[in-house]
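Hi,

Here's the structure I promised to pass on.

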Amino acid sequence: MWFEILGDIQGVETFASGRGIREPARLQKVYGRGNWRKRKGVAEIRLPDGTVRLAEIHWYEASGIGRREFKIKRFLD
Amino acid sequence: MNDTRFVLCIDNSAYPAALEKRKVYQVVPDPEAQRHHCLRVVDESGEDYLYPDPCFVAIELPEAAEAAFDEEAA
């Protein structure tokens, strides 16, 4: 991951699953079969330039596989 | 990469599901992201996210190719 998540992720929720995910074939090919969901939450993050920001982050998650590919959706501060 | 509209992915090692190496992606203008050396890119999910600059190189597309992206976005 190119940025660091500081502390816990707050307000975690699922916002897409099943047919709501556009890239299920890619997820299964890369990480394996699973009940993939797209999840989001809010966390403080540290960027490579040292800046600490509050951000909405999204990731893929499947039971037994875990969380993959944390992405920054937007800055909230 | 000011005014960049399209980029070619050259490194998807951290995002093998969300990005495909050697594929063209559309950039959404985001000056704040650029200050952090990031680009806002529409990835394989169809949504735009911030990614680090070094994952991409800026490219120019022929008009017909740009139009194809615009149709997809519409």
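Let me start with a definition: I call something a salt bridge when a side-chain nitrogen of Lys or Arg sits within 4 Å of a carboxyl oxygen of Asp or Glu. B:Glu44 and B:Lys23 make one of these, and their closest N and O atoms are 2.9 Å apart. B:Glu44 belongs to the loop between S3 and S4 of chain B and B:Lys23 to the loop between strand S1 (6-9) and strand S2 (24-28) of that chain, so the pair ties together parts that are 21 residues apart in sequence. Helices (H or I, at least four residues) and strands (E, at least two) are DSSP runs, numbered from the N terminus. B:Glu44 is buried, at a relative accessible area of 13%, while B:Lys23 is partly exposed at 32%. For those words the cut-offs are under 20% relative accessible area for buried, over 50% for exposed and partly exposed in between (1.4 Å probe, protein chains only).

Before you go further: this is a predicted model, where local features need pLDDT of at least 70 and side-chain atom pairs count only at pLDDT 80 or more, while totals for chains, interfaces and linings use all residues. Residues are numbered from 1 along each chain as its sequence is written, chains are lettered from A and ligands numbered from 1 in the order in which they are written, and side-chain values use heavy atoms, with hydrogens and water left out.

**Chain A**

Chain A has one helix and four strands, running β-α-β-β-β from the N terminus on. Its C-alpha atoms fill a box of roughly 35 × 20 × 20 Å along the principal axes. Of its 77 residues, 40% count as buried. The chain exposes about 4200 Å², with 44% of that supplied by carbon and sulfur atoms (Shrake-Rupley method, 1.4 Å probe; for residues, only the protein chains shown count as cover). Among contacts in chain A with a separation of 6 or more, 49% are between residues 24 or more positions apart; contact here means heavy atoms within 4.5 Å.

One spot I'd zoom in on is A:Arg39, in strand S2 (residues 37-46) of chain A. Is A:Arg39 buried or exposed? It's buried, with a relative accessible area of 16%. Its side chain has a polar contact of 3.0 Å with the side chain of A:Thr14, and another, at 3.5 Å, with the side chain of A:Glu61. (A polar contact is a pair of N or O atoms within 3.5 Å; within protein, one must be able to donate a hydrogen and the other to accept it, and residues adjacent in sequence count only if both atoms are side-chain atoms.) Leaving out residues up to four places away in sequence, the residues that A:Arg39 touches include A:Val12, A:Phe15, A:Ile57 and A:Trp59.

A:Glu61 also forms a salt bridge with A:Arg37, at 4.0 Å between the closest N and O atoms. That pair links distant parts of the chain, with A:Glu61 in strand S3 (residues 52-62) and A:Arg37 in strand S2, 24 residues apart. A:Glu61 is buried at 13% relative accessibility, and A:Arg37 is buried at 18%.

Then there's A:Arg74 with A:Glu56, a salt bridge at 2.6 Å between the closest N and O atoms. It connects strand S4 (residues 66-75), where A:Arg74 lies, to strand S3, where A:Glu56 lies, 18 residues apart. A:Arg74 is partly exposed at 37% relative accessibility, whereas A:Glu56 is buried at 12%.

**Where A meets B**

On the interface, 23 residues of chain B are in contact with 23 residues of chain A. The two chains bury about 2000 Å² between them, 51% of it on carbon and sulfur atoms; buried area is the accessible area (1.4 Å probe) that two parts lose on being put together, summed over both.

How many salt bridges cross the interface of chain B and chain A? The rule finds six, and over all chains the count comes to 16.

Cheers
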